[in-house]
Every structure is written in C-alpha cells, then in structure tokens.
Amino acid sequence: MNRNNLEREWHELSMPWIKEAREGRNPTRTGLLDKPMLEACGNVEGLKILDCGCGEGRFCRILADKGAEYVLGLDLCEAMIEAAAELQSGNDVYRVANVQDLSFIEDEAFDLAVSYLNQCDLPDFEANNREVFRILRAGGRLIVANLHPMLSAVGKWYRTDKGEKQHVILDRYFDEGERHWKIMGVELTNFHRSLSTYTSGFLNAGFSIEAITEPTLSGEQLALYPELRDELRVPNFIIYTLTKT
Ligand SMILES: C[S@@+](CC[C@H](N)C(=O)[O-])C[C@H]1O[C@@H](n2cnc3c(N)ncnc32)[C@H](O)[C@@H]1O
C-alpha cells in the first residue's frame, strides 16, 4: 500500500471521524484511554508538546487546557488539520505533515511527544521513533497509545449462532504487515507488529521504556460506559511510556 492510498483512506474517513469526535460519545477515548494517557503525560504545565497524528485535535486541546505552553499537532490528512485549526485556542497549532519525517523541526525542541493511536497507521514506525527522539530534549518523553498487538493481529470476535461473543482467536501474530478493516463504512489499512518489534523499535531509537500499560475498566468506568464491557475480556489497546535518557 503506497502513501497516496493511505492518505486517500484517511481523507475518506475524515468527515465521519470528525463528526464522531465532535458529536459522539467516543467511549474508547473518554471512558478508557484519556485517563491513562493523561496520567502518563503527567503535569504538562509549561511544556512544549508534539502530537503525532493529532486527527481533529481533541487531545491537543485537552493538553492546551491543562496548561501546556505550546502544542503542535501534526497530521497527514488536510481535512483533519483544517478541522483542528477551527477549534484552536491559541497555544495549540496545527500543521499537515508526515510524522515519519520531522525534518522541519529543530533538534531538542520539545519536552513531550504523544502518539495517540497513530503508530499502527505508519508503514515505518521506526522512522517516527527516530525523529521524535531527535526533536525531544534530554529527559523528554514519548507517550504512545497503540492498538494492542494481540488485537491488531486478527481482532475478530467469534460468535455463537445467536450472535453472542465467545472469544477472540489470536492468529497470524508473527505475520507482520498490513491489515484491512472497515471503519465507519471506509476501508482502512493499518499495520500489525508484534510486541517485541515495538519494544525493540523503541529501544533501538534510544528510548528507555518506563512503563507499559494495558488499559482496562474499573467498576466505576464500567457503570458509566457499559458499552466497553469487552475491555474486561480482551486487551484492545496498549500504552508505552518512553524516555529519552
Ligand atoms: C486513529 S487516528 C487518531 C487521531 C487522534 N490522535 C485521536 O486520537 O483522535 C490516526 C490519525 O493519524 C493520521 N495519520 C496517518 N498516517 C499518518 C502519517 N504518516 N503522518 C501523520 N499523520 C498520519 C490520520 O490522518 C489520522 O488522523
């Protein structure tokens, strides 16, 4: 799959994606991932933050609201960046860019970088790691939320005849490469890699791995987001906290 096709897919998906982000309940974000992502980011007051694959900018706005001095959101998809710029609050700025090449950013310009469900979309996640490592100051951190490798391998529930979910069968785990899904009616390509490929990639770029988190639900969250109950059974997401030491 070449770059133009990947861009075309995100362009097609951008309208329903933006609508859902702005008007929908976004349970996997608001009910599951935002909290551990913000905990991993820590106190962002006064920080310069890069968001790789920012989409329509929701996490940039959250970081700006929490006192970040400057948030730069990058996305390959022009429609996403236009939508993000519409809600810009002042210290969050947006730019169309491929996060595998950050040559327009000086070395050590940022304190923190986030990648909120973006590395699974990249043909070359190691290029993103190398570039983010370069633009972070010493001691800076990269927080990566990604599809869990156990989900990105196959990601399909087997159901009874009555449609009840039985289990997810893990298969093709070591067969890394493209996977094709249908999201909001649009065909989308992303890339499956094993846990060891991801962790080796981070270490090869020079990062230390501070933590690996597999978000699931507390009883309190389940009461608020009953539609997320499968998260108690199968890990859908993973968060890596990485430091440039
Ligand atoms: C799953 S969405 C996540 C968006 C946002 N981070 C969020 O959590 O709502 C992935 C985003 O990555 C963008 N993307 C895909 N490949 C990219 C690339 N090579 N460089 C920059 N952005 C990319 C897509 O356009 C899309 O907006």
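Start with the largest nonpolar core of this predicted model. Select its 57 residues, then highlight Ile49, Ala113 and Ile239, the residues with the most contacts inside this core. Next, colour strand S5, residues 136-147. Strand S5 gives six residues to the core, the largest share.

Centre the view on Ala113. Leaving aside residues up to four places away in sequence, Ala113 touches Ile49, Leu50, Cys52, Val132, Leu136 and Leu142.

From Val132, go to helix H5, residues 125-135. The buried residues of helix H5 are Phe125, Asn128, Asn129, Glu131, Val132 and Ile135. To see what these buried residues pack against, show strand S1 (48-52), strand S4 (110-116), strand S5 and helix H7.

Helix H7 spans residues 195-205 and contains Leu203. Is Leu203 buried or partly exposed? Leu203 is partly exposed, because 13 other C-beta atoms lie within 10 Å, while a buried residue needs 20 or more.

Finish at the ligand. Select the 19 residues that surround the ligand; the closest are Trp10, Gly53, Gly55, Leu76 and Cys77. Helix H3 (58-65) and strand S2 (70-75) are the elements that give two or more residues to this shell. Coloured by residue class, the shell divides into 11 nonpolar, five polar and three charged residues.

Conventions. Residues numbered from 1 in each chain as written. Predicted model: local features only at pLDDT ≥ 70, side-chain atom pairs only at ≥ 80, totals over all residues. Near = placed C-beta within 6 Å. Helix = DSSP H or I, 4+ residues; strand = E, 2+ residues; numbered from the N terminus. Nonpolar A, V, L, I, M, F, W, Y, C, P; charged D, E, K, R; others polar. Core = buried A, V, L, I, M, F, W, Y, C linked by C-beta atoms within 7 Å. Buried ≥ 20, exposed ≤ 12 C-beta atoms within 10 Å, placed from the backbone. Contact = placed C-beta atoms within 7 Å.
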